[in-house]
Amino acid sequence: MAHLQAAAVEKINAICDRYVNETTPLMMILSDIQKEYGYIPLEVQELVSARTGVSVADIYGVVTFYSFFSLTPKGKYVIGVCLGTACYVKGAQQIVDKFSEVIGIKPGETSADGLFTLDALRCIGACGIAPAVTINGKVYPKLTVDAVPKIVEEYKAMEANA
Amino acid sequence: MAKVTIKIEGIPFEVEAGLTILEAAKACGFEIPSLCAFNHGECSKGSCRVCLVEATGARGLVAACVYPVAEGMEITISSPKATAARRTSVELLLSNHNKNCQQCEKNGKCELLHVAKLTGARDDMYLGEQTPTTLDKLTPSIVRDTSKCILCGRCVERCKNAHGLGILGFEQRGFNTIVAPAEDRSFASSPCILCGQCVSVCPTGALMEVSEIDKVDEAMKAGKYVVVQTAPAVRAALGEEFGMPIGTLVTGKMVAALKRLGFKKVFDTNFAADLTIMEEATELLNRIQNGGKLPMITSCSPGWVNYAEYNYGDLLPHLSSCKSPHEMFGAILKSYYCGKNGIDPKDMFVVSIMPCTAKKSEKERPELSVNGLPDVDAVLTTRELGKLIKRSGINFVKLPDAEFDNDIVGDYTGAGVIFGTTGGVMEAALRTAAYKLSGKELTKVELEEVRGFDGIKEAAYDLGGKTVKVAVAHGMKNAKVLLDQIRAGKSEYQFIEIMGCPGGCIAGGGQPYVQPCFLPNEDANILDTYKAKRASALYQEDESRALRVSHKNPQIIELYNAYLGEPNSHKAHELLHTTYTAREKYKN
């Protein structure tokens, strides 16, 4: 736990304390930490363990079970490509492949500049607009392979101008 | 208790309401092939699907270990549908299992192989991809081989129940699921205390002790002066490896077997337990009289010492500085004994037979050596000794009894014997402390208050006009309660005994497996009674000894007169005492 800054320790303990009255607080705590920091490394899991009494192995088990949680930092823009049945038959695999090719990372990875994370998702419940992609919550309906490079460029440009 | 009427295989029975089908069937004299219920529900319940049966009122087949009985329920175990389903469950478990059974150290004690036989599982029914595996051989104590793991979760539950630790857990998801310490780390870089409780419940060869039989073979082959010592708890359980009833005391046969195996000398660690008491009782009195750190806590159990170093670094000054008994014995053998007998300590090879996996790592600690020579060279578990005897053509059950060597060391009192069970070290120490404080022997040496298997036992004794409050805990879950009291400055005790394993060494991680499926002649509730049975074997030996207090052991008295001076002397500190270091939990 040596690597954590004092402010982070305080923040994480505060998050844990939000749920002291819950019988099973772990999911809520981890969810808040994931939202706050974008990932939940082992040092943080140790801290949560010490605060809640849940074993590190159990916390690690939950973090690795749910794809929502991440052990490594996510990129600034998280691209989620739905690979549910409807999207898949509408060509979502080609969309993922195109994002991979354009950004140069595999699904599950984050680009070296920390800008993009590419996630292949299970059904996100937007079958009517298949194939669907979300980027930081913004939905791109009925996306075509040809539109992918332009979208990536837009985000890069946005970053350059920021 | 309310009763319900059910039918099993068409026969009506009246059973307690609330039982699972598996429990009810057992009570009625049926054995449904299963894995988890053999071990007190210490598993991720219902996941292995081995115990499938038909039950009216249920949709499809049900797992007997979790499905409760209900009024009027008709249960069918032997129908073609149920037998085929159980066989399929086992075949599926086997499809993701490393089936090198002949080379597997668990062969003969494997519960998976047992249910495979029971259910008639066929070879290679489901071929295909296998889960990526991890082989962790980094600690000197425990091997974790996930290629053998069937994800039953017994080890996960045991680690939690015994210690409140939860080093092991399920991680990843679906087909990639494995049981491992966080990040699939080695036990070596996680705060595992290496007690081996997980090993003692693993139904397969996924968790095993690191075998050191080869090391002993090599030392013998190299012509070393190989001596052996045995911990007290070993004699209370070794017979089980040869089909003897649990609780059979086999001291004489064990010594005879070790002599036949070619050890130059066969010593009893109990001698060193008496020595430990001399050092520890003196240390306690010094702390009481000179305002030292109290409560003082025993340090015989390496699992407990590991736990303290990982979790209570701030309380390490409370630990007695005494080495554990077998380490003390090693140090005395390689100094005093070698000197007296003209043996070069470099030629001596000390083997310890221990009920413990943590002792294997303990012996590697650099501080447990004198002049660059480790006090102990190899540690074998009780189970490994069983293997060693079996491969050597010895008929253990028919061996005539033999006596331990005790030329100048090795004699022991009843106080040393009871070290092997929870409360024993406390009782032995108090027998001597009482004498030292009051100058009088206890009128009754049996201290019933610290015996038995309550998680935490406490007592107060009047020793020479001074009241000494003591507590005994076994298993880290119980120890934690006492340690948190100390940390909060609220501990009332002067002396605390802590043992790593629940029950103490008699139920250590290196002891023979207690698997009801392989023990048809033991009582149905053997998992509830085996600890008490083994402990009573030790109390029986204590009672049979003429001397029952450590300070009357004539060889110990002579050792101090001729060599060490007095307890806690400079020489004693050099040979018999050690230090502890706080350690980081998840070290990279």
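Q: How far apart are the centres of domain 1 of chain A and domain 2 of chain A?
A: In this predicted model, the centres of domain 1 of chain A and domain 2 of chain A, taken over C-alpha atoms, are separated by 29 Å. The domain assignment places domain 1 at residues 6-65 and domain 2 at residues 77-161 of chain A. Along the principal axes, the C-alpha atoms of chain A fill a box of roughly 50 × 35 × 20 Å.

Q: What makes up chain A in terms of helices and strands?
A: Chain A contains 7 helices and 4 strands. Read from the N terminus, the order of these elements is α-α-α-α-β-α-α-β-β-β-α.

Q: Which residues make the contact of H3(A) with H4(A)?
A: From H3(A), the contact is made by A:Gln45, A:Glu46, A:Val48 and A:Ser49; from H4(A), by A:Val56, A:Ile59, A:Tyr60 and A:Val63. Two residues are in contact if their C-beta atoms, placed from the backbone, lie within 7 Å.

Q: What is the make-up of the contact of H3(A) with H4(A) by class?
A: The contact of H3(A) with H4(A) has 5 nonpolar, 2 polar and 1 charged residues. Val, Ile and Tyr count as nonpolar and Glu as charged.

Q: How many residues does the contact take from chain A and from chain B?
A: Chain A gives 11 residues to the contact and chain B gives 15 residues. On the side of chain A that touches chain B, H3 and H4 of chain A are the elements that give two or more residues. H4(A) provides the largest share of that side, 7 residues. By class, the side of chain A that touches chain B divides into 5 nonpolar, 4 polar and 2 charged residues.

Q: How many of the residues of chain A count as buried?
A: Of the 162 residues of chain A, 28% count as buried. The criterion for a buried residue is 20 or more other C-beta atoms within 10 Å of its own.

Note on methods
Residues numbered from 1 in each chain as written. Chains lettered and ligands numbered in written order. Predicted model: local features only at pLDDT ≥ 70, side-chain atom pairs only at ≥ 80, totals over all residues. Buried ≥ 20, exposed ≤ 12 C-beta atoms within 10 Å, placed from the backbone. Domains from an automatic or database assignment.
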